[in-house]
Amino acid sequence: MNESAYDKSKKNCLLCFGNKKVNFFDTAIKIAESFSSQGYYFEKTAFIAFNNSFEIVAALKDGLENHENLVIICPQSMEKTLKDFVTASRGGEFDGLGVLKCAQNFVFVLLSDCVNRLTVSEICGYLNEKYQTEYERAFIRTVGAPNELLDEAIKEGKSICPELEFNVKANFGDCRTEIVYDSSVSKSAFDRAYRAVVKRLQDYIYALEDISLAERLYHLLKLRRMKIAVAESFTGGGISAELVKISGVSEVYFEGLNTYSNPSKIQRLGVDEFVLNTYGAVSRETAAQMAQGLIASGNCDVSVATTGIAGPKTDNSKKPVGLAYIAVGSREGADVYEFNFSGSREEITKTAINYALYAVFKKIK
């Protein structure tokens, strides 16, 4: 059976069994995302309490009778009971990995509370063999792309090549767009669609591969033979933390300062007290002097500085929560960007971290 004869979303069911007082939703979401990245989607996903026998039986019957492929996620304590019900209904036996193949169904069992013998990739391998298909993937990584623009780009891509599936995951302004397609899709059709999407998003792209923003910046700094220094106020060291996750970053990373207070900004970065008193710590002028203070040390080629109000309340200046200034410094001076972020304190600071890394990337690319 080829892809044209197989509706890859309406034949698959995901059943998650567990204690609803304990969060087992995140595990199921991650597993579903892993399936989608390999071309398989679920028409139905259900969460069933481990102590509700009526719901358990009804969910299993529906999964077996109305879907070609059933994926079960459960704690090890339920494994035998669920497998016994499936084999009694369909016959056959599960193999050592947790796979049952019969005329009506493929059934796969994954355990939620211990290491699995079976992986999502292996399950997708069974399905690829069953439907005689394989899937390819491509990526576009962006920062700050408006949702409307992203929707338009995807719509245009699908209009050129309807077989493409787009899995979009946004993380504090950093968006990972994964494109999944059947290997039977012609290369020319994919290339035309991919180019159209890239063209739409070109002002926000930092990578056309599955790589983090910090890693991409690290590789670019290394290529340019540049060193970076960081001064942070409201982001509290988050930019530096992202950079130092990367092995080998010492080649490009000179220092990171968490200059949270005004005296720290004055003493460590040479920010003018007059500027702080006149414009405030959260201002375009202060951000610029923070970035220039790093450059003045002579030990870095590019700098980035952040100052803002993360909330939940504003400071004595009465400037709005979410107001932020990000400055990127070089020997030629500092470029300052103003943003008005929204969300919780964590959302505001993490979004600012990503925007700051991207601002440096754009400056030196």
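## Close-up views of a predicted model

**View 1. Thr235 and its partner Thr306.** The side chains of Thr235 and Thr306 make a polar contact at 2.7 Å (a pair of N or O atoms within 3.5 Å; within protein, one must be able to donate a hydrogen and the other to accept it, and residues adjacent in sequence count only if both atoms are side-chain atoms). This is a predicted model, where local features need pLDDT of at least 70 and side-chain atom pairs count only at pLDDT 80 or more, while totals for chains, interfaces and linings use all residues. Residues are numbered from 1 along each chain as its sequence is written, and side-chain values use heavy atoms, with hydrogens and water left out. Thr235 sits in the loop between β10 and α8; helices (H or I, at least four residues) and strands (E, at least two) are DSSP runs, numbered from the N terminus. At 7% relative accessible area, Thr235 is buried (buried is under 20%, exposed over 50%, partly exposed in between, with a 1.4 Å probe and protein chains only). Not counting residues up to four places away in sequence, Thr235 touches Thr306, Thr349, Ala352 and Ile353, where contact means heavy atoms within 4.5 Å.

**View 2. The sheet, strand by strand.** Here you have an open sheet of 5 strands with mixed pairing, in the order β11-β10-β12-β13-β14; two strands pair if DSSP finds at least two bridges between them. β11 (253-258) and β14 (333-340) are at the edges with a single partner strand each, so one side of each has no neighbour in the sheet. On average, neighbouring strands are turned by 10° against each other, direction ignored (axes are lines fitted to C-alpha atoms, for helices over the stretch in contact, and angles run from 0 to 180 degrees between N-to-C directions). β13 (residues 323-330) and β14 run antiparallel and are joined by 8 bridges, and Ile326 has Tyr337 in β14 as its bridge partner. Helix α11 (residues 284-296) lies across β10, β11, β12, β13 and β14, at about 150° to β12.

**View 3. β10 and its two partners.** In β10, 5 of 5 residues are buried. Ile228, Val230 and Glu232 point one way, and Ala229 and Ala231 the other.

**View 4. The largest nonpolar core.** This core has 38 residues, and Leu217, Ile228, Leu243 and Val304 have the most contacts inside it (a core is a set of buried Ala, Val, Leu, Ile, Met, Phe, Trp, Tyr and Cys residues joined through side-chain atoms within 4.5 Å). α12 gives the largest share, 10 residues. Beyond its neighbours within four places in sequence, Val304 is in contact with residues including Ile228, Leu294, Ile326 and Val360.

View 5. Gly311 and Pro312 are joined by a cis peptide bond, with omega about 10°. Lys318 has a positive phi, near 65°, in a residue other than glycine, and counts as exposed at 72% relative accessibility. Arg225, in the loop between α7 and β10, has a positive phi of about 55° although it is not a glycine. Arg225 is exposed too, with a relative accessible area of 77%.
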